[in-house]
Amino acid sequence: MTLLKFANSLKLRTKFGIPISVLLVASIVVITSYLIDRQADGYRRELETSGETMIAILANNAESGVIFESTYELDEILQLLSQFEVVEYACITNKEDIILSEIGQALQGYEQTKPLYHDASDDEGHHNFFIRNEYGQEFIELSNPIVTRIQNLGRENLGITGGLDNSFKQSYVTEEIGRIKLVLNLETVNQSIAESRRTAILIAVVVLLITIIMLTFFVRFITKPVKMLVDITDQVSRGDLTQKVELDQNDEIGHLARTFNRMIESLKHSRDEIEEYNRNLEQKIVERTLELEEIQAQLVQSEKLSAIGQLAAGVAHELNNPLGGILGYAQFALEKLNKSQTAEETARDKGKYIRYLTDIEVQARRCKTIVQNLLRFSRSSKTTDFSDVDINQVIGDTITFVEHQLHMNQIQLKMELHKNLPTIQGDTGQLQQVLTNLILNAMHASPPDTEIQVISRFSPALGEFGGTVEILIIDQGSGISQENVKKIFEPFFTTKQVGKGTGLGLSVSYGIVKDHGGEIKVESKPGEGSTFIVILPVQKPQPASDNVSNELQTKN
Amino acid sequence: MVKVLVIDNSEVIRNLLTEYLTDLGYVVENAINGLDGIEKALSGDYDVVICDIHMPKRNGYQVFSEVSGQKPNLPFIMTDSLPDTLAERAVNEGAYACLSKPFNLDQVKKTIDQLLAKARTK
């Protein structure tokens, strides 16, 4: 498994090179050693054959010398051999194995041996052996019988059958009278063989080198375009589709390159198409987003108008009281002035007139504030233009509008405003809308003679953030069921009767608070009341102005 | 001496009516909300009550019905910012009149005069 992994991790060049080289070396080694063996064999065979011929001639010539045991004659015969380097030793023995003549040194202490090519024990008593002595020298030992022919004196040869037989043959018996032994040194032959082996190895090495060099070039020739393909593929896979494989070949690799180029081309085409689609899609998303924003703004606005509708009574009531004061004091003053004739009376009443006029001014300002407040609330803020907002101010303005309705429903309002509240970044009208919505919802859920608490508080910064301003609206109303708590921020979800609510108030409020980077949390127990918490982040922590809060605190 | 009780949660209106009616020669007392109004109307000896509808702690209608239950002859003039069903209801159930805010002081005087004249003829 790991071997396979290793093999797979090798480069193409190595993958090609190693097996081919191994195969090449193996085949050269096998072929060369086979040829050398064959040649060595041939040399030895030749020597053996020559030896056999030689020993056969010698055996023939030695017949009379052995018969007469003429050492002289035999020495002369053997002397002929001494001129051959190859002859290590030769001897002639008689029937009783007594050496009659010898040349050279007899081999001693060698270990036998194996028969040679010709069977060592043929009928005529030839023995051929291969010998290696203790020094590793190799020899061939040939041994031949020396025979003489003796006339057969058997019965048939004595004429018993001879007279009748035309084909009478003279009959002989061959008798061994001695042996001749010849030991040939294989040194020369072995030297020739070694020479051949060296030459063969040299040739093999040269051939191997040439082949490896050629193979390297050949492999490089194949792998170079492959490497080029690999490089280009690499770049293409990294997204660079401008690349092209420049290969002018007509083989498979050239074909692969052309196919690859076509593939890059179509890939580029597809990518361009996708990019085009994406651009279109982005365009569409931008358009749709704008449309949605438009609709959202309209929704916020219509929800706001709906709230204003609900607040109309309160606003009218709020306006009518100061207007009543203005009207009344103006009439009163006029009446008095018309009645009073004398300058003394006028002078006496001067203080009253001043008070009336002051009251008129105060009440007119109050009207102005209410109208501005209403305008601020109703202003359509399509482009959210955030500015510094004092949440206590927003709460105060909102209460102005809803106070009347709370009174009408006999619901007490209790406010606890944090005196050093930092300003937040936001839109006054939108935040007022959120509060109006939440307070009216609380009111709708509350039975008479209960209390709604509006609390503002500040949670100090954690880390770099400026902390949060929180507005709590706590009612003692019917509460919200666990099931409905999850749904109250969904558009068009309402528990009110048909025509009493759009079901958009809370979802719009939620959207507004989200736009301010904040959130609305709800805690509610059915039957005990609900608490809505608006959490708004303070972007820039800064000291709050005390006087605003104090002014609001004194209200109601 | 004619005694008038003004029940209104708006300080401006209370002050204005007090000043105006005092100037006309009436004795004027104030109540700042519905509950206060009921208490004073029941305990005091008034000739007429001017009562606002929109108030905390009992609205004008509740003040009227509770007081008129015990003092059916005490005349009520209701005041209201809006054409309101509660004010109409009070008038239907025996309140003398309804003035809609912002009202003319003449109107207030005229209504009280009419009411007193009617009471005298009875």
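This is a predicted model: local features need pLDDT of at least 70, side-chain atom pairs count only at pLDDT 80 or more; totals for chains, interfaces and linings use all residues.

Residues are numbered from 1 along each chain as its sequence is written, with chains lettered from A and ligands numbered from 1 in the order in which they are written.

**Stop 1: the sheet.** Select chain B and look for 5 strands in an open, parallel sheet, ordered 2-1-3-4-5. Strands (E, at least two residues) and helices (H or I, at least four) are DSSP runs numbered from the N terminus, and two strands pair if DSSP finds at least two bridges between them. At the edges, pairing on one side only, sit strand 2 (27-31) and strand 5 (97-100) of chain B.

**Stop 2: inside the sheet.** Now pick residues 48-52 and 76-80 of chain B: these are strands 3 and 4, joined in the parallel sense over 4 bridges. Click Val49(B) and you'll find Phe76(B) opposite.

**Stop 3: the helices.** Show residues 34-43 of chain B, which form helix 2, lying across strands 1, 2 and 3 of chain B. Then try helix 5 (105-121) of chain B, which lies across strands 3, 4 and 5 of that chain.

**Stop 4: where the chains meet.** How many residues of chain A are in contact with chain B? There are 18, and they touch 16 residues of chain B; contact means C-beta atoms, placed from the backbone, within 7 Å.

Conventions
Two residues are in contact if their C-beta atoms, placed from the backbone, lie within 7 Å. Axes are lines fitted to C-alpha atoms, for helices over the stretch in contact, and angles run from 0 to 180 degrees between N-to-C directions.
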